[in-house]
Amino acid sequence: MPKRHEGLFERIASFKALRAAARTAINGKRKKPGAAAFMANLEREILRLERELRDGSYRPGRYVEILVKDPKERLISAAPFRDRVVHHALCAVVCPLFEAGFTDHTFANRTGKGTHKAIRLYERYRDNHSYVLRADIFRYFPAIDHEILKAEFRRKIACERTLWLMDLIVDCSNSQEPVELHFPGDDLFTPYTRRRGLPIGNLTSQFFANLYLNRFDHWVIEKLGAPYVRYVDDFALFHDDPGILATWREKIERCLEGRRLKLHPRKTLILPVAEPSPFLGFELHPGPRRTAKGGRGRRKLLDGNVARFRNRLRGLRDRWRAGTVTQGEVEARVKSWIAHASHADSFRLRQALFEGGWFEVIPGL
């Protein structure tokens, strides 16, 4: 049994911890009305939060829900700023306790990881194997089971007030897309009586999503012995024998049943690695040439990614001309995309996009 930690709540609910969390949470949110109002009365708001957490009267507020299609339709849920402060304070204390037990093979929402390192590991495995099992979990965030997730909290944490706060954040999740799945041992009504689903957009949801699959990660690596890469609910296993991958798929399906999860039937495939593969916003093409990016072959930005950026760029130009965003804000957003695009073979694309503008690509630079 892993070590269980006591005495955490004082480190979460202190004035000092909440003030530090507010300063972290405000990054990128300074112009949001709720965030600005909170920071304008910072000391009073922090004292109020501290009092509510300590006396147990704290309750999360209502989410602002936004339906986006980028590229698939998703419900994004924005918590009130004061709740984001609590999320940051909580994660600053509890995340390191769990992070120490995470594998090196999962890359989402972790310091020092990220999409580009996940792609490099994918390419390394691809270059040394013949086949890949590409898998996706069906409606992952809406399917996360609250009872199972809370049991994971208790494997590491014994502090009752910290568990109260973590349970409260889970219990106050807003309604997500329905996932009416049955599993062995269920009766007709089980899927409707078990609470499930986490809001996409919370810092806590990102952490909880990694935690929920952590034991699965260890099982794949230690029991199957598979070369393995995971980013949120998108993962890949590699082998030279497609029959072995088919066997692994069956075992994975049974293992995920214990988490009350299912593989996506259309997005879970066994493919030759010689075929181009879409992964985390890139189309990965194998080839004999070793690149400076750490793999062989080349990387292409997905067409949908480029189309969405063109639309965003037009919108930013219109807003800049209308005076609703500054040049600095436009530059920050575009440079972020350029940093992402530069991990692909995108020099000519960036030349075409930015020719004659602020971000014109100069050959040799």
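Which residues are linked in a network of salt bridges? The network joins Asp145, Glu147, Asp186, Arg194 and Arg260. A salt bridge here is a side-chain nitrogen of Lys or Arg within 4 Å of a carboxyl oxygen of Asp or Glu. The structure is a predicted model, in which local features need pLDDT of at least 70 and side-chain atom pairs count only at pLDDT 80 or more, while totals for chains, interfaces and linings use all residues. Residues are numbered from 1 along each chain as its sequence is written, and side-chain values use heavy atoms, with hydrogens and water left out.

**Salt bridges**

- A search of the whole structure finds 24 salt bridges.
- Asp145 and Arg260 meet through their side chains in one of them, at 3.8 Å from N to O.
- This pair links distant parts of the chain, 115 residues apart: Asp145 is in the loop between helix 7 (140-143) and helix 8, and Arg260 is in the loop between helix 13 and strand 6 (269-272). Helices (H or I, at least four residues) and strands (E, at least two) are DSSP runs, numbered from the N terminus.
- Asp145 and Arg260 are both buried; buried means under 20% relative accessible area, exposed over 50%, and partly exposed in between, with a 1.4 Å probe and protein chains only.
- Glu52 forms a salt bridge with Arg48, and their closest N and O atoms are 3.2 Å apart.
- Glu52 and Arg48 are separated by about one helical turn, because they are 4 residues apart in helix 4 (residues 42-55).
- Glu52 counts as buried at 13% relative accessibility, whereas Arg48 is partly exposed at 37%.
- Asp303 and Lys300 also meet in a salt bridge, at 3.9 Å from N to O.
- Asp303 is exposed, with a relative accessible area of 55%, and Lys300 is partly exposed at 34%.

**Surface patches**

- Lys72, Arg74, Arg266 and Lys267 form a positive surface patch. Patches are made of residues with over 30% relative accessible area and no salt bridge, like charges being joined within 9 Å and nonpolar side chains (Val, Leu, Ile, Met, Phe, Trp, Tyr) within 5 Å.
- Lys and Arg count as positive and Asp and Glu as negative, while His and the chain ends are not counted.
- Arg74 belongs to strand 2 (residues 73-78).
- A nonpolar patch on the surface consists of Leu188, Phe189 and Tyr192, which together have about 390 Å² of accessible area, computed by the Shrake-Rupley method with a 1.4 Å probe.
- Tyr192 lies in helix 10 (residues 190-193) and counts as exposed because its relative accessibility is 52%.

**Helix 6**

- Helix 6 (residues 115-126) has 12 residues and reaches 16 Å from its first C-alpha to its last, close to the 16 Å expected at 1.5 Å a residue. The expected span of a helix is 1.5 Å times one less than its number of residues.
- Its buried residues are His116, Ala118, Ile119, Leu121, Tyr122, Glu123, Tyr125 and Arg126.

**Backbone angles**

- Most residues other than glycine have a negative phi.
- Asn109 has a positive phi near 55°; Asn109 is placed in the loop between helix 5 (81-99) and helix 6 and is partly exposed at 45% relative accessible area.
- Leu280 likewise has a positive phi near 55°; Leu280 is found in the loop between strand 7 (277-279) and strand 8 (282-290) and is buried, with a relative accessible area of 18%.

Notes: The place of a charge is taken as NZ of Lys, CZ of Arg, CG of Asp or CD of Glu.
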